[in-house]
Amino acid sequence: MTEIYLDNSATTKPSREVIELIGNVLEKTYGNPSSMHKKGLEAEKVIEEARRHISILFNNRASEIIFTSGGTEANNLAIKGAAYRNQRRGKHLVTSSIEHPSVLNCFLFLEQEGFSVSYLSADTRGLVNPSGLESLIGKETTLVSIMHINSEIGSVQPLKLIGQAIKKANPDTLFHVDAVQSFARLPMKLKEWQADMVSCSAHKIHGPRGAGCLWLREGTMLQPLLHGGGQENMMRPGTENAAAIAGFGLAARQNNHSLQQKTDYLAELKIAFYNELQNSGTSFTVNGPSPDTGAPHIINLSFPGLKSEVLLHSLEERGIYVSAGSACHSRRSDPSHVLKAIGLDNESLESALRFSFSTFNTKDEAVSAARITAEVATDLLSMFKK
Amino acid sequence: MAVKILVRYGEIALKGKNRGQFEQQLLRNLNAAVNSYHGRAEKMHGRFMVTGPDEHCDLMIKKLSRVFGVVSVSLVRETELDIDEIKILAAEMVDRLPDDQDTFKIETRRANKKFPYSSPETNHLLGAYLQKLNPNLVVDLKKPSFKLSVEIGYSKAYLFLDRVAGPGGLPVGITGRSLLLLSGGIDSPAAGWLAMKRGLFVEAVHFHSFPFTSHRSQEKVVELCRKLASYCNKIPLHTVSVTAIQKELNAKCPEDLAIILLRRMMCRIAEMISNKRGLQTLITGENLGQVASQTLESINVIDKGTGMLILRPLLGLDKSEIIELAVKIDTYETSILPYEDCCTLFLPKNPVTKPKLATIEKYESNLDIEGLLNEAMASLETTIVKEY
């Protein structure tokens, strides 16, 4: 059975070159970058080369990149680091209700620590409305954190408008963008967004787990989360994970050119999938942004009358790997906070599936996945309807 | 450094002629239990002695206290068969106790009658010696704050202060081989544990309905087997898909009879596995009167589905007692993980509580029973689950 992997928002398959490079670094460049001998220098060079390749995607200077263990740590460092560092200026923070858990849970933690947090709501398309933002931000507001592409539904936030609103209300308020889903898929327009911090992760762009980074505007001060040696400008101590960082660098390099072409290709896959599914006659609804406006690689659909998890496992039996919008448990039901926040009804919540594409997928795969999805859904529906 | 752990057994010592066989089985089980810690068990005058590396001492004691047939285990100190050596060791052990432990009792068991002092004489000699060294110590035979035990063996003497209780019961494997129908709920692991306690070797079968249940629910069953395996070394786990059977029942039979029909099919599959593996009885976590499929009428109809003996060890327990047992044997936390019954598609809202055998058999005559059983057996997968 051929495998069609359409869960690329969860993680991507590392490229062959990345796997090879990681093996080589582990085998040959095993020195500690802090060591003074040749072995240390070699490892340091590997890391600095990766930093340069990644900086190209940020269209910015390499010195402003702090390597972390991944997206979650980058988000934690940005949010907690900025909140604590600036707490004497104020203790008000702003985010949205549809952020990733690694952002939302930082804010929930900070609320327990005595900070006050405002949560922006999102409309049915999954878009945060920037118009109320300006009046929300005051002198006490030190940080706003809004994601770029929503990982579950693929809505693309109007970061330019959001950045404008923030900086107009208070130029000292820091703006953090969780770009884990958009890095190497959409351009990082740091100037246009007026962003101060941007998080991203290696394993979403065909790199390895265990590496990510926070881009930090020069001069932005954070309270580090960890204390130890002086690595990463004192911002992230701990012996660098040179092999994973090298893999991250190579993945970035493999993706840092012809971005528009890649974006177009991903959108083509998504539309081919959507059109095929629609022509099949299967009944489904689109959650979040319409297919022609959302992120190029994510589409979230509901299949009324079915259960996500059953559909997911049935697709798995046919070699197709996707994500469920909610886990359906008999005793406990915990639908996705994002789907709930954009106002889906119960039937859509319980039957939501996310299909996410990467440049490793082909158009044939997209079309064939849609056909199989239609078959499986029709088959299951006849049983559920009994 | 090596440590020595004394293992006591109870019920099996009473079994007359079968005693040798029982001891052999227990010895094998003890050795299997401590094998991964590089421990070794030996027979010794009505007890077993386990010798193993110091660094795994606590794990070995925990593991040995889970071997069925064991009444209690003690970490012992070994010394020469010489009253003066015994006195010195006793004084050293007492010296390490906290000061508030000031009432005591000495209990000697002399297996080796060639030792020159009888048990009461040894008690007396040691007690007097300890009191001479520690004038604060008071003998209290009824409620001592510590008890020093002395075992006089044939080549060495052993002293110890604590006992860890074992589970009792009979050594696993001694009474026969069984197949446990393991669902992933609270009841069936407890039923399996009770079966093992009475000396049954247990294999398990789990029925899943992927894609209507998830991989996680199958992993959960593996985890339950792993927990049970900590009492019996290993559990062969068979998994079988009943999706095709459920689809067929869903299509051809009334909804309210589906559970009874499915249970009968499960027992038939279990019978086929038992015949293949030489297993003599089925074990289920069924109780009486809890849910619809557990009325006397339902159990009777389910029983008639196969020719096999079906044992139900939980029959005498209340739900609260079953939960208490599941907590004690450490399966409860795993059982309540919410993975099973991902979807209620095949769960009827009002199952029949008093099914009639004739009605059930009528519906079964519309089904290709043999074909369905063979299809299910074709999905059979077997893994050996061990604690590590």
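Me: Which are the buried residues of α7(B) in this predicted model, and how should I read where they sit on the helix?

Reply: The general idea is that an α-helix has 3.6 residues a turn, so residues three or four places apart point the same way. In this structure the buried residues of α7(B) are B:I245, B:Q246, B:E248 and B:L249. They cover an arc of only 160° around the axis, and therefore they lie on the same side of α7(B).

Me: What do the buried residues of α7(B) pack against?

Reply: Their packing partners are two helices of chain B, namely α8 (258-277) and α13 (369-378).

Me: Why does B:E248 count as buried?

Reply: B:E248, which lies in helix α7 (residues 243-252) of chain B, counts as buried because 20 C-beta neighbours fall inside 10 Å, and the cut-off for that class is 20 or more. When residues up to four places away in sequence are not counted, B:E248 touches B:L367 and B:L372. By contrast, B:D187 stands 61 residues from B:E248 in sequence and 28 Å from it in space, C-alpha to C-alpha.

Me: How is a pair of packed helices described, and what are the values for α2(A) and α8(A)?

Reply: Two packed helices are described by the angle between their axes and by the distance between those axes. Here the axes of helix α2 (residues 38-58) and helix α8 (residues 242-255), both of chain A, come within 8 Å and cross at roughly 30°, and the crossing of α2(A) past α8(A) is left-handed.

Me: Which residues meet in that contact of α2(A) with α8(A)?

Reply: From α2(A) the contact includes A:A43, A:V46, A:I47 and A:L57, while α8(A) contributes, among them, A:I245, A:F248 and A:R253. The residues of this contact divide into eleven nonpolar, two polar and two charged.

Me: Is A:G40 buried or partly exposed?

Reply: A:G40, placed in helix α2 of chain A, counts as partly exposed because it has 15 C-beta neighbours inside 10 Å. Leaving aside neighbours within four places in sequence, A:G40 is in contact with A:G31, A:N32, A:P33, A:S34 and A:S35. A:Y321 is 281 residues from A:G40 along the chain, and their C-alpha atoms are separated by 42 Å.

Conventions: Residues numbered from 1 in each chain as written. Chains lettered and ligands numbered in written order. Predicted model: local features only at pLDDT ≥ 70, side-chain atom pairs only at ≥ 80, totals over all residues. Axes fitted to C-alpha atoms, helices over the stretch in contact; angles between N-to-C directions. Helix = DSSP H or I, 4+ residues; strand = E, 2+ residues; numbered from the N terminus. Left-handed = near helix turned anticlockwise from the far one by under 90°. Contact = placed C-beta atoms within 7 Å. Nonpolar A, V, L, I, M, F, W, Y, C, P; charged D, E, K, R; others polar. Buried ≥ 20, exposed ≤ 12 C-beta atoms within 10 Å, placed from the backbone. Arc of directions from axis to C-beta.
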